[in-house]
Amino acid sequence: MEPLLAPLAGLLAATGVYLMLSGHLLRIVFGIVLLGSAANLTVFVGGRLTEGAAPLIPEGTAIPNAITANPLPQALVLTAIVIGFGLAAFALSLTLAAHRRLDTVDPEEMRIAEPREGAAK
């Protein structure tokens, strides 16, 4: 399963970077979300995927009876998914607020603090 998911993580990362380099604010937000998903998938795949082997240790034993999945990457990815969802919601709300206030989604036109020379105020 890892040889299939590793290129998928690379594809997600490449697509995220491509979207972040575009000149549209909403695409930048979606690129950040895709880049976070690529990082989550990379950590998850690095934790060893074992089909049908839950990361549980039977009661009364100190070590698992067979090869099991590592529970730490699964817990980290679950936490990162929740944090990424909050970041995406916050970024989308900022994008909506910027669009309402400035009436544009082009980052180059959002120059309130540093207006271009000769631009009307």
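**Exercise 1. Place Ile28 in the chain and list what Ile28 touches.**

Solution. Ile28 sits in helix 2, where helices (H or I, at least four residues) and strands (E, at least two) are DSSP runs numbered from the N terminus. Ile28 touches Leu19, Met20, Ser22 and Pro107, leaving out residues up to four places away in sequence; contact means heavy atoms within 4.5 Å. Ile28 and Pro107 are 79 residues apart along the chain, and their C-alpha atoms are separated by 9.7 Å.

The model is predicted: local features need pLDDT of at least 70, side-chain atom pairs count only at pLDDT 80 or more, and totals for chains, interfaces and linings use all residues. Residues are numbered from 1 along each chain as its sequence is written, and side-chain values use heavy atoms, with hydrogens and water left out.

**Exercise 2. Describe the fold and extent of the protein chain.**

Solution. Start with the elements: the protein chain has three helices and zero strands, in the order α-α-α from the N terminus. Next, the radius of gyration is 21 Å, well over the 14 Å from the globule rule for 121 residues, so the protein chain is more spread out than a compact globule. That radius is taken over C-alpha atoms, and the rule is 2.2 Å times the number of residues to the power 0.38. Along its principal axes the C-alpha trace spans about 75 × 30 × 20 Å.

**Exercise 3. Determine how helix 2 and helix 3 are oriented and which residues meet.**

Solution. The axes of helix 2 (residues 25-46) and helix 3 (residues 71-102) come within 10 Å and cross at roughly 180 degrees. Axes are lines fitted to C-alpha atoms, for helices over the stretch in contact, and angles run from 0 to 180 degrees between N-to-C directions. The two helices are therefore roughly antiparallel, a label for angles over 145 degrees. From helix 2, residues including Leu25, Val29, Ile32 and Phe44 meet a set in helix 3 that includes Pro73, Val77, Ile81 and Leu92. By class, this contact has 16 nonpolar, three polar and no charged residues. Ala, Val, Leu, Ile, Met, Phe, Trp, Tyr, Cys and Pro count as nonpolar, Asp, Glu, Lys and Arg as charged, and the others, Gly among them, as polar.

**Exercise 4. Characterise the largest pocket and the largest cavity.**

Solution. On a 1 Å grid over the protein atoms alone, a cavity is a set of points where a 1.4 Å probe fits but cannot get out; a pocket is an open set with protein on both sides within 12 Å along at least five of seven lines, and lining residues have an atom within 4 Å of a point. The largest pocket holds about 250 Å³. Of its 13 lining residues, Val33, Gly36, Ser37, Gly84 and Phe85 are closest to its centre. Helix 3 gives the largest share of this lining, eight residues. The largest cavity has a volume of about 30 Å³; among its lining residues are Phe44, Arg48 and Pro73.

How values were computed. Angles under 35 degrees count as roughly parallel, over 145 as roughly antiparallel, 65 to 115 as roughly perpendicular and the rest as oblique. Grid points are joined across faces, edges and corners, and a volume is the space filled by probe spheres set on the points.
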